[in-house]
Amino acid sequence: MARQLLPSPFGSASAIALGCALIGAVGCQGNRSELPPVHLIQNMDFQQRFDAQEVNNYFRDVDCAKAHNPHECEGRAARLPVAGTVAVGQLHDDDELYRGRGADGRLVDRLPAAIKLSTELMARGEERYNIYCQPCHDYTGGGQGVATLRGGGFSVAPKNLNDPQIRAMPLGHFFDVITNGKGTMQSYAAQIPAQDRWAISVWVRTLQVARTPEEAK
């Protein structure tokens, strides 16, 4: 007589568990719930932190007794960096590259060693010049850009970059003016990285050379 095999209770339990796991996995894909999520590791989801400009009264930068406004004595969560702190990659200890000056402190009349003259550099300089400089100095550097023709013009006209006095300036002069501003022109250091400032300086020199008589080249 053949012996009849009964189903194992462990096999059925495994199948049920596997089915529940699959249902749970499918049910977690993209469903929304009004209930808060389950946080298995609390310290990764909830931690003591502050947002920018948030008040943190642990710090008292101003004596409340001397404050003219009660909000002045509220502590700031955002702390000032320690004096002398330099962010990674922001040391800028190459004076030629970041200040346009040589070891003697004078403006250089050459590109820094870190930047090589190339057609790509000139193309970049033309592009950046047309974005930041052309509105005032025009496409040829003549100082008659579209910004000078609107709203009554400027009380102080932009420099004509082809003026003999400007043409005689070293290459570092243009980098320095873009970096620090000059006269009524404000600094563009925040908008234009140092490498692009040199590229613009090269393009300015290119515009000057292009308008130089052949016998003077």
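From the N terminus on, the elements of the protein chain run α-α-α-α-α-α-α-α. Colour the chain by secondary structure to display eight helices and zero strands; helices (H or I, at least four residues) and strands (E, at least two) are DSSP runs, numbered from the N terminus. The model is predicted, and local features need pLDDT of at least 70, side-chain atom pairs count only at pLDDT 80 or more, and totals for chains, interfaces and linings use all residues. Residues are numbered from 1 along each chain as its sequence is written, and side-chain values use heavy atoms, with hydrogens and water left out.

**The whole chain**

Show the surface next. The protein chain exposes about 16,400 Å², of which carbon and sulfur atoms supply 57%; the area comes from the Shrake-Rupley method with a 1.4 Å probe. Of the 217 residues, 24% are buried, a term for under 20% relative accessible area (1.4 Å probe, protein chains only).

**Helix α8**

Select residues 194-210, which form helix α8. Its 17 residues should span 24 Å at 1.5 Å a residue, and its end C-alpha atoms are 24 Å apart, which agrees; the expected span is 1.5 Å times one less than the number of residues. Twelve of the 17 residues of α8 are buried, so the helix is largely enclosed by the rest of the structure.

**Where α4 meets α8**

Keep α4 and α8 in view. Their axes come within 7 Å and cross at roughly 90 degrees; these axes are lines fitted to C-alpha atoms over the stretch in contact, with angles from 0 to 180 degrees between N-to-C directions. Helix α4 is therefore roughly perpendicular to α8, the description for angles of 65 to 115 degrees. In this contact (heavy atoms within 4.5 Å), the residues of α4 include Leu121, Met122 and Tyr129, and those of α8 include Ala199, Val202 and Trp203. By class, the contact has nine nonpolar, two polar and four charged residues; Ala, Val, Leu, Ile, Met, Phe, Trp, Tyr, Cys and Pro count as nonpolar, Asp, Glu, Lys and Arg as charged, and the others, Gly among them, as polar.

**Histidine 173**

Finally, select histidine 173, which lies in helix α7. Histidine 173 is buried, with a relative accessible area of 11%. Not counting residues up to four places away in sequence, histidine 173 touches Leu107 and Lys182.

Conventions. Buried means under 20% relative accessible area, exposed over 50%, partly exposed in between (1.4 Å probe, protein chains only). Angles under 35 degrees count as roughly parallel, over 145 as roughly antiparallel, 65 to 115 as roughly perpendicular and the rest as oblique.
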